[in-house]
Amino acid sequence: MPRPAGSAAGRLARKLWRIATANITIEAGIVLFLLVVAVAVFAPLIATHDPLDQDLFERLGTPSTEHWLGTDSFGRDIFSRIVFGARISLVIGLSAVLTAMVVGSFLGVLSGYLGGWVDQLVGQATNILLAFPSLILGLMVVAFLGPSMINLIAAIALATVPQFVRVARAPTVALRDRDYIQACRALGFSPLRTMLRHVLPNIWPEILVMATLWLATAIRVEASLAFIGLGVKPPTPTWGGMIREGFENILTSLWLAIFPSLAILVVVFALNLIGDGLRDALDPRLRKDE
Amino acid sequence: MPGDPVLSVQGLSVQFRIGGAWRAATRGIDFDLAPNETLALVGESGCGKSITCASILGLLGGEGARVEGSIRYRGREIVGMPESELEKIRGKEIAMIFQEPMTALNPVMPVGEQIAEAISVHLGCSRAEAKTRALGFMERVRIPAAPERYRDYPHQFSGGMRQRIVIAMAMACQPRILLADEPTTALDVTIQAQILAELRDLCANLEMSMVFITHSLGVVAAIADRVAVMYAGEIVEIAPVAELFAAPRHPYTQALLQAIPRVDRETVTLRAIPGQVPAIAEFGSGCRFAPRCPRASEACQAVPPELAARGGPEGHRVACLAPAPVRERAS
C-alpha cells in the first residue's frame, strides 16, 4: 500500500492531482477551463487591440485579418473585447461561488450537525431563497443595490448560497450519528472543531462537484444580468453586455451576438465537463480504493 | 474498598420521550467506582448498560432524553453540568472506547493525527509534542512499526489494530476513568483475549479505573474486579467477581449462569430463562424480573426491591425480596 508522506499541503496537492486526472471528462474540462483562465490572465498580451478603442470608421466591420471577429457598433475590436470580458466573467463567477461555497457549506454543516432551532432557521431561510430562480434573485438584489462589481458578486453569491447549504447539510445529517463523530463528543471536542476537522473533510467532494456546476450557472447569471443592463457598467467589456449590443444589430451583423455567446458556451461547457467528471470520480460507489 | 470512589452514581434514572410520554430506560442505578478498580456492567441488549455509560459522560440530555439522580466524578456533579465544563472532562478525565472499531475512526484522517488531536486539545501542547506522545501510546498498545504507520488511514488497519488505535485515543490523555462499551464484541476470540490483557495492563500501569460493559460473562471473569448485573434498566446484583460466580443470589443472575455451557462439568442441559424482557412501555411498578421469576410472590409485583446486602456480606448486594440464601463458602 502506498504510504503518503510529506506535508499536509503536499498531500492535498497530490490528492487534487489524482482527482483532476481521474477521467478524460475532467481532464478535457480542466484543459478547456484553464485555457479560458489563461486568456483572462494574459488578456493584454493576447488582445490585438485596446478593447475600449473606438474606431468610428470601422463600425460593424465583418471579421477580417485586422479584426479577427469583426467590430461592434462603436468600431471596437470584438476579439479583444471577448478576451477582456473573460476577466469580468471569471472574477465575478469565481468570487461569487467561492463566497457562496464558504458561507453555504458552513451554514449547511452547522444546521445539519446542531439540528434543533438552528436547523429550522437555516432551513427556512434556505427554502425562501430557493423559491426564487437564481436569475430573479440576482436581479432583485442588483436592482436594489445598484449594479457594481461587488453588488453583482453579492447578488450571485446570495442566489447560490442555498445550493451549498443543501448539499452540505444532507451528508452532515447522515454523518452526525456515525460512531466517529459521536466519538468526537466523547473525546471532549467542541462542536466547532468536530464540524471543521471531522465533518467537513468527509463531505467536501460533494461540495466541490456542486461548486463547479454552480460556477457555470454563476457565469450565466452574470451574463444574463449584463444582458438586461444590470451588469458591470459599459464601456467595460462583458460577454452579456456584448450580446446585448449585438442583439440590437442582429439583423445586420449576426456575429456581434454569436461570438460572445460562443465564449459563454465554451466556459459553461468546460465547467459542466468538470462537474460531471467529478461526480463520476468521487462517487463512492464507483471509487476504487487504493 | 480503599480510598474515596472516583465515581459515584446514585439513583440514576434516564428517561426517554416515547410517543409523548416519558419512559424510564434505567431506574435507580447505584454504584461506586474505586480508584484502580474495574467494574463490569453485564446484561442483555437494551438493559441500559450503554445508556448508563453515556450519561456518565454527560452525552445524554437535550430534547427527548432526561437524566435524573446524581453522578459524581471526584466530588463534582456531572448531571446538569454545562456543556463547556463537560468538554473538559470528556476525553481528559473520563474517556470512552466504542464497541465497533470499524466505524469509530474517522476514515479520512490519518490514525496518528486522530490520537494526537485529543492530546493537543486537552493538554494544549504543540503539534510535535502531541505527535511524540501519540506515537508513545501507539507503541504502548503494541502497534508494530508505529512511526511508519502514523500517517496511515483507518482502512489500512485490521479490526484488532483499529481497536488498539481506539484504545490509544482514549488513553492518550491518561484519563482517570475509562468507559469501555463492549470493546471486544466485534473482534474474534484470540484478538479479544489480547485486547483484554492489554486493557488490564494499561489500567494497572496508568492507575485508571474502568467501567467495562459486556454481555459476556466469560469476559467479565477475565477482566473485572467487581460486577454489576443489569436487567431491564436496573442493577439486580452487584458483587466482587469471584463471589458472584460462586454464590449468585438474584434469580436472574442464577439463571444467567445456568445458561452458560461449562467445560469443567458433566454436560447438563442448559436452561433458558422463560419469557422475554418486557418492552420499556410495559415495565410494572414492582420488580421488573417478577414476570419471569420462579420465586416471585405477590409482594414482588408491588414495589421495586432495593439493592441491599440482605443478610450477605456488605460488598454483595442484591435487589430481590427472595434472594438465594447466603452460602457458606468452602475455603
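Helices here are DSSP runs of H or I with at least four residues, and strands are runs of E with at least two. Keep that in mind as you work through this predicted model.

**Exercise 1.** Work out how many helices and strands chain A has.

*Solution.* Start with the count: chain A has eleven helices and zero strands. Next, walk along from the N terminus, and the elements read α-α-α-α-α-α-α-α-α-α-α. Then look at the overall extent: the C-alpha trace of chain A spans about 75 × 45 × 30 Å along its principal axes.

**Exercise 2.** Describe how chain B and chain A meet, and pick out a salt bridge between them.

*Solution.* Begin with who takes part: 33 residues from chain B and 24 residues from chain A. The area buried between the two chains is about 2400 Å², and carbon and sulfur atoms give 52% of that. On the chain B side, B:Phe98, B:Glu117 and B:Arg151 lose the most area to chain A, together 21% of what that side buries.

Now for the charges. The rule finds three salt bridges across this interface. One of B:Glu117's partners is A:Arg193: their side chains form a salt bridge at 2.6 Å, N to O.

How values were computed:
Residues are numbered from 1 along each chain as its sequence is written. Chains are lettered from A and ligands numbered from 1 in the order in which they are written. This is a predicted model: local features need pLDDT of at least 70, side-chain atom pairs count only at pLDDT 80 or more; totals for chains, interfaces and linings use all residues. Side-chain values use heavy atoms; hydrogens and water are left out. Contact means heavy atoms within 4.5 Å. Buried area is the accessible area (1.4 Å probe) that two parts lose on being put together, summed over both. A salt bridge is a side-chain nitrogen of Lys or Arg within 4 Å of a carboxyl oxygen of Asp or Glu.
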